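Please go through the following report with the sequence and the coordinates at hand.

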Amino acid sequence: MGNGARDNFGHDTTTDEVLAGIDLSGKLALITGGSGGLGAETARALAAHGARVVLTARDIAKGQGVAQQIGESTGNKTVEVEELELGSLASIRNFAERFLSRHNTIDLLINNAGVMACPFGTTTDGFELQFGTNHLGHFLMTGLLTPALINGAPARIVSLSSRGHQMSPVVFDDIPFEHRAYEKWSAYGQSKTANVLFAVELERRLGPKTVHAYAVHPGVIPTDLSRHMVPEDFEFLQKRAPTGNLRFKSVEAGAATSVFAATAPELEGRGGVYLEDCGVAEVNDAEDAVDGVRSYAVDSAAADRLWSLSEELVGQTFSL
Ligand SMILES: NC(=O)c1ccc[n+]([C@@H]2O[C@H](COP(=O)([O-])OP(=O)(O)OC[C@H]3O[C@@H](n4cnc5c(N)ncnc54)[C@H](OP(=O)(O)O)[C@@H]3O)[C@@H](O)[C@H]2O)c1
């Protein structure tokens with residue numbers, strides 16, 4: 001039987017369309033990078049449908065501004081803001097401790113924060129900036145918060161990846177670019193592949209406990225993510241686009257796939273998948289692929305290897 005409007009979800013579907021008829025009262029949603037862009041819209045939409053939202057920000061004042069706007073526009077005044085710098089293991093540990101002292105349950109975790117195509121840099125702990133922030137930071141944080149996710153089960157974890165994952169697998173022989181020239185798009189691609197592999201491995205480990213994990217490509221959305229881009233970068237991305245033209249989405253449509261992954265009844269019990277345009281995408285290894293997920297990003301052996309390596313790098317094992 002058809003599912004009405006939900007059968008027609010696609011490129012321009014918005015957060016509120018995804019959440020029509022869904023009541024999130026009593027659910028706690030934690031969103032990293034809620035100080036702007038897709039994270040702020042994800043927080044607004046979930047709060048508008050009754051969720052209790054905790055958003056993280058590295059700049060607390062910026063995060064509080066978003067929380068205030070959400071309170072005014074939705075009437076939901078329960079949004080909390082917590083400081084988190086994903087480029088610092090100490091900040092992540094502090095955050096997790098504070099969070100767990102206040103909340104013992106998470107229903108929806110949206111690992112949204114990210115940086116893209118920045119010049120070479122390292123995190124406080126010396127990891128290449130994009131891999132360290134986008135993957136390792138979320139890896140440690142999620143591991144530390146797992147007891148709350150298990151308490152919240154059935155719970156979901158959403159990992160913001162990108163079509164950019166097609167630009168590189170995780171290069172296990174040289175993740176930090178010590179033996180190859182740094183290339184900002186390969187580094188972004190590597191980190192976004194790591195985001196998919198992390199969802200695959202989380203699903204394997206936590207799926208049986210009804211904590212399911214999903215990876216998402218949100219689309220192409222004009223946000224501050226492009227802060228490091230120069231005109232040649234836009235030309236580079238235009239050339240990679242199917243028609244030679246990037247097809248942009250609104251922020252409300254960009255956050256829709258995250259919200260879909262976090263709440264869609266259609267995805268019940270079906271984790272470890274990669275979504276785009278509010279639907280599950282297929283594996284696509286065609287050289288000129290513009291959609292779908294690369295097989296290297298959903299490879300279970302690579303997912304397992306990345307987990308072990310990440311434990312080593314952050315100096316903590318998680319017996320899940
Ligand atoms: N926009 C797109 O077209 C697009 C496409 C594909 C994938 N994505 C993915 O979608 C996610 C959200 O991107 P967006 O477009 O909303 O970008 P954005 O507007 O730049 O927002 C990124 C968020 O991450 C936070 N952040 C960055 N570095 C951080 C760090 N070291 N520690 C903690 N928080 C940090 C930012 O905080 P500040 O406010 O302090 O900077 C901001 O809240 C990213 O993972 C991105 O890779 C976006």
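Phe 177 is buried, with a relative accessible area of 8%, where buried means under 20% relative accessible area, exposed over 50%, and partly exposed in between, with a 1.4 Å probe and protein chains only as cover. This is a predicted model, in which local features need pLDDT of at least 70 and side-chain atom pairs count only at pLDDT 80 or more, while totals for chains, interfaces and linings use all residues. Residues are numbered from 1 along each chain as its sequence is written, and side-chain values use heavy atoms, with hydrogens and water left out.

**Backbone geometry**

Phe 177 is found in the loop between strand 5 and helix 6, helices (H or I, at least four residues) and strands (E, at least two) being DSSP runs numbered from the N terminus. Most residues other than glycine have a negative phi, and most peptide bonds are trans.

| Residue | Phi | Relative accessibility |
|---|---|---|
| Phe 177 | near 60 degrees | 8%, buried |
| Thr 210 | near 55 degrees | 36%, partly exposed |

Thr 210 has its place in the loop between helix 6 and strand 6. In the loop between helix 5 and strand 5 lies Pro 154, which is joined to Ala 153 by a cis peptide bond with omega at about 0 degrees.

**The ligand and its shell**

Of the 29 residues around the ligand, those that come nearest are Ser 35, Lys 62, Glu 85, Tyr 188 and Thr 223, a residue being counted if one of its heavy atoms lies within 4 Å. By class, this shell has 11 nonpolar, 12 polar and six charged residues; Ala, Val, Leu, Ile, Met, Phe, Trp, Tyr, Cys and Pro count as nonpolar, Asp, Glu, Lys and Arg as charged, and the others, Gly among them, as polar. A polar side-chain atom of Lys 62 lies 2.6 Å from an oxygen atom of the ligand, whereas at Leu 86 a backbone N or O atom lies 2.8 Å from a ligand nitrogen atom. A polar backbone atom of Leu 225 is 3.1 Å from an oxygen atom of the ligand. Of the 890 Å² of accessible area that the ligand has on its own, the protein covers 95%, the areas coming from the Shrake-Rupley method with a 1.4 Å probe. The elements that give two or more residues to the shell are helix 2 (37-48) and helix 6 (184-206).

Helix 2 is mostly covered, with 10 of its 12 residues buried, and from its first C-alpha to its last it reaches 17 Å, close to the 16 Å expected at 1.5 Å a residue, a span taken as 1.5 Å times one less than the number of residues. Gly 50, whose phi is positive, near 100 degrees, follows helix 2.

**Packing**

The largest nonpolar core has 48 residues, and among those with the most contacts inside it are Leu 30, Ile 92 and Phe 99; such a core is a set of buried Ala, Val, Leu, Ile, Met, Phe, Trp, Tyr and Cys residues joined through side-chain atoms within 4.5 Å. Helix 5 gives the most to this core, with nine residues.

Glu 82, in strand 3 (residues 80-83), counts as buried at 10% relative accessibility. The side chains of Glu 82 and Arg 98 are joined by a polar contact of 2.8 Å, that is, a pair of N or O atoms within 3.5 Å, where within protein one must be able to donate a hydrogen and the other to accept it, and residues adjacent in sequence count only if both atoms are side-chain atoms.
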